[in-house]
Amino acid sequence: MLSERELERHLSVYQRRMQAVTEEYLIRMGNHLRDKNDIKIFILYLMNSIGYPLEHGVLHDISVQDGYISTFDFIEAFDELLANGNITKESVDEDTDIIS
């Protein structure tokens, strides 16, 4: 089991990596994503760049944190990706869904 200090270190690394991935994508695609297909591509790019499954809430927060994507647009694009089988959702417990 990791100590609190180790967990904080891992969280810090994770947060820096998420920010770097988000910034890299937005530089390539432009600052504001409005087109639903661009948002879908961003979600898939983000998941691919991270390389491991994410909690739904974490994926949402990363996607909307800087205001480049609205919550409504994220939910709409995410639901379409899920419905089309591009991503999967697995419930870990009643409060946590893992997206892969």
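With which residue does E80 form a salt bridge, and how far apart are the closest N and O atoms? In this predicted model, the partner of E80 is K40, and the closest N and O atoms of the pair are 2.6 Å apart. The two residues belong to distant parts of the chain, E80 being located in helix α4 and K40 in helix α2, 40 residues apart. K40 has a relative accessible area of 13% and is therefore buried, since the limit for that class is under 20%. E80, by contrast, counts as partly exposed, at 26% relative accessibility.

E80 also meets the side chain of K36 in a salt bridge, with an N to O distance of 2.7 Å. This pair again links distant parts of the chain, with E80 in helix α4 and K36 in helix α2, 44 residues apart. K36 is partly exposed, its relative accessibility being 29%. A further salt bridge joins K36 to E76, for which the closest N and O atoms are 3.6 Å apart. Because E76 lies in helix α4 (residues 71-83) and K36 in helix α2 (residues 36-50), the pair ties together parts that are 40 residues apart in sequence. E76 is likewise classed as partly exposed, at 31% relative accessibility.

In total, the structure holds 3 salt bridges. K36, K40, E76 and E80 are linked by such bridges in a network. Side chains of opposite charge can pair when their charged atoms come close. Over the whole chain, 9 side chains are positive and 19 are negative, and the centres of these two sets lie 8 Å apart.

The chain has 4 helices and 3 strands, which follow the pattern α-α-β-α-α-β-β when read along the sequence. The C-alpha trace spans about 45 × 30 × 20 Å along its principal axes. A compact globule of 100 residues would have a radius of gyration near 13 Å, and the 14 Å found for the chain agrees with this expectation.

Contacts and surface were examined for the chain as a whole. Among contacts with a separation of 6 or more, 53% are between residues 24 or more positions apart. Of the 100 residues, 30% count as buried. The chain exposes about 6600 Å², of which carbon and sulfur atoms supply 49%.

Notes: Residues numbered from 1 in each chain as written. Predicted model: local features only at pLDDT ≥ 70, side-chain atom pairs only at ≥ 80, totals over all residues. Heavy atoms only, no water. Salt bridge = Lys/Arg side-chain N within 4 Å of Asp/Glu carboxyl O. Buried < 20%, exposed > 50% of the residue type's maximum accessible area, 1.4 Å probe, protein only. Rg over C-alpha atoms; globule rule 2.2 N^0.38 Å. Contact = heavy atoms within 4.5 Å. Areas by Shrake-Rupley, 256 points an atom, 1.4 Å probe, with all protein chains shown as cover. Lys, Arg positive; Asp, Glu negative; His and termini not counted. Charge placed at Lys NZ, Arg CZ, Asp CG, Glu CD.
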